[in-house]
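This briefing summarises selected features of the structure shown below, grouped by topic.

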Amino acid sequence: MASSSADGAPAVNASAVASPAAKKPVVLLIIGMAGTGKTTLVHRLQHHAAQQRKSMYFVNLDPAVLHVPYNVNIDIRDTVNYKEVMQQYQLGPNGAILTSLNLFATKFHQVVSLLEKKDNVDWIVIDTPGQIEVFTWSASGQLMTEALRAALPTVALFVADTTRCMNPHTFVSTMLYSSGIMLKQQVPLVVVFNKVDVVTADVVVSWMRDEDKWETALAGESAEGGGGHAADALAVGGGGGYATTLAQSLALFLHEYYEDLPFACVSAASGAGMDQLEAAVAAARVTAEVEMQQAQAHAQEVRTARQHQQLQALVRDGAGDEEAGRS
């Protein structure tokens, strides 16, 4: 896991610059629940790239979106017609999105081949569907992620709504979900606390870094009978009992996970925190490069083993033919 500096910002390992993978662009998988400002963040990244004179390449994987507020280089909508899929297979909205991704996944190797040639690009930004489970928990999403991380350094940006994370129970749920995504996708993860123009993320960051502050906040939440948003209070049954015990246990269990987790506090609307996001991505890239090299080595081992099996089969067939000729 990447380490953090004294001020909480992730430290950047200089070895990333020296490695051969540093010449490759880093792939950013933008993942987040609906309403967290995921697509707005992609739009902000485009503005940031122009200001910093960085080169970025944008891919849209949401087949149902009507308008994309950024310039798309590769768009799933150019290959798959979401409405036609819905009508042809008589599917609902989510089923049509999933089927569209499945159809696009059959040609995704062409996308990866194209992305591998983008040596002059700094970041490849991939915007995933707002229905988060459609990409993160589907076979097609897994195949796409595996293809990307085997070819290029790949980092997942999990976008969280800071205004919602101010509730301790929602915060734990968010961190638990992000850990599940990292385990499922097998790529380094950066948590992006968005909407800091509405509410500062200082409290949330203190919960990540200081276990005592988190326990104090949770105790206060229980004493107040839930507090926070009305929907959150209903969801946790008033903040006491089983929900609080579960939240405490999960927080203790996950603390080591997110204590050194790269994160960034940004505002996709105003552009605040983009430098912090860039530093967090640089820190996560170090791990992504190692995992890419491991994936490539594993793929080479599989190819070598397959070739060895084919060679042995040829030898056996040749020996069998020779024996048959003698008889």
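Is K54 buried, exposed or partly exposed? K54 is partly exposed, because its relative accessible area is 25% (buried means under 20%, exposed over 50%, and partly exposed in between, with a 1.4 Å probe and protein chains only). The model is predicted: local features need pLDDT of at least 70, side-chain atom pairs count only at pLDDT 80 or more, and totals for chains, interfaces and linings use all residues. Residues are numbered from 1 along each chain as its sequence is written, and side-chain values use heavy atoms, with hydrogens and water left out.

**Salt bridges**

- The whole structure contains 5 salt bridges (a side-chain nitrogen of Lys or Arg within 4 Å of a carboxyl oxygen of Asp or Glu).
- One of them joins K54 to E278, with the closest N and O atoms 3.0 Å apart. K54 lies in the loop between α2 (38-52) and β2, and E278 in helix α14, so the pair ties together parts that are 224 residues apart in sequence. Helices (H or I, at least four residues) and strands (E, at least two) are DSSP runs, numbered from the N terminus.
- D75 and R77 form a salt bridge whose closest N and O atoms are 2.7 Å apart. D75 counts as buried at 8% relative accessibility, whereas R77 is partly exposed at 29%.
- R285 and E289 form a salt bridge with a closest N and O distance of 2.6 Å. These residues are 4 apart in helix α14 and are therefore separated by about one helical turn. R285 is buried, with a relative accessible area of 12%, and E289 is buried, with 4%.

**Aromatic pairs**

- The structure holds 4 aromatic pairs (ring centres of Phe, Tyr and Trp, the last by its six-membered ring, within 6.5 Å; planes under 30 degrees apart count as stacked, over 60 as edge-to-face and the rest as tilted).
- F58 and Y70 form a tilted pair, 5.7 Å centre to centre and with 40 degrees between the planes. F58 belongs to strand β2 (residues 56-60) and Y70 to the loop between β2 and β3 (74-75), so this pair ties together parts that are 12 residues apart in sequence. Both F58 and Y70 are buried.
- F104 and F108 form an edge-to-face pair, 6.1 Å centre to centre and with 65 degrees between the planes. Both F104 and F108 are buried.

**Helix α13**

- Helix α13 (residues 242-259) has 18 residues and reaches 25 Å from its first C-alpha to its last, close to the 26 Å expected at 1.5 Å a residue (1.5 Å times one less than the number of residues).
- Helix α13 bends by about 40 degrees at F253 (the angle between axes fitted to the seven residues ending there and the seven starting there).
- The buried residues of α13 are A243, T244, A247, A251, L254, H255, Y257 and Y258.

**Surface patch on the nonpolar side chains**

- L311, L314 and V315 form a nonpolar surface patch with about 310 Å² of accessible area together. Patches are made of residues with over 30% relative accessible area and no salt bridge, like charges being joined within 9 Å and nonpolar side chains (Val, Leu, Ile, Met, Phe, Trp, Tyr) within 5 Å. Accessible areas come from the Shrake-Rupley method with a 1.4 Å probe, and for residues only the protein chains shown count as cover.
- V315 lies in helix α14 (residues 274-326) and is exposed, with a relative accessible area of 54%.

**Strand β6**

- N194 lies in strand β6 (residues 189-194) and counts as buried at 2% relative accessibility.
- The C-alpha atoms of N194 and F158 are separated by 9.9 Å, and the two residues are 36 apart along the chain.
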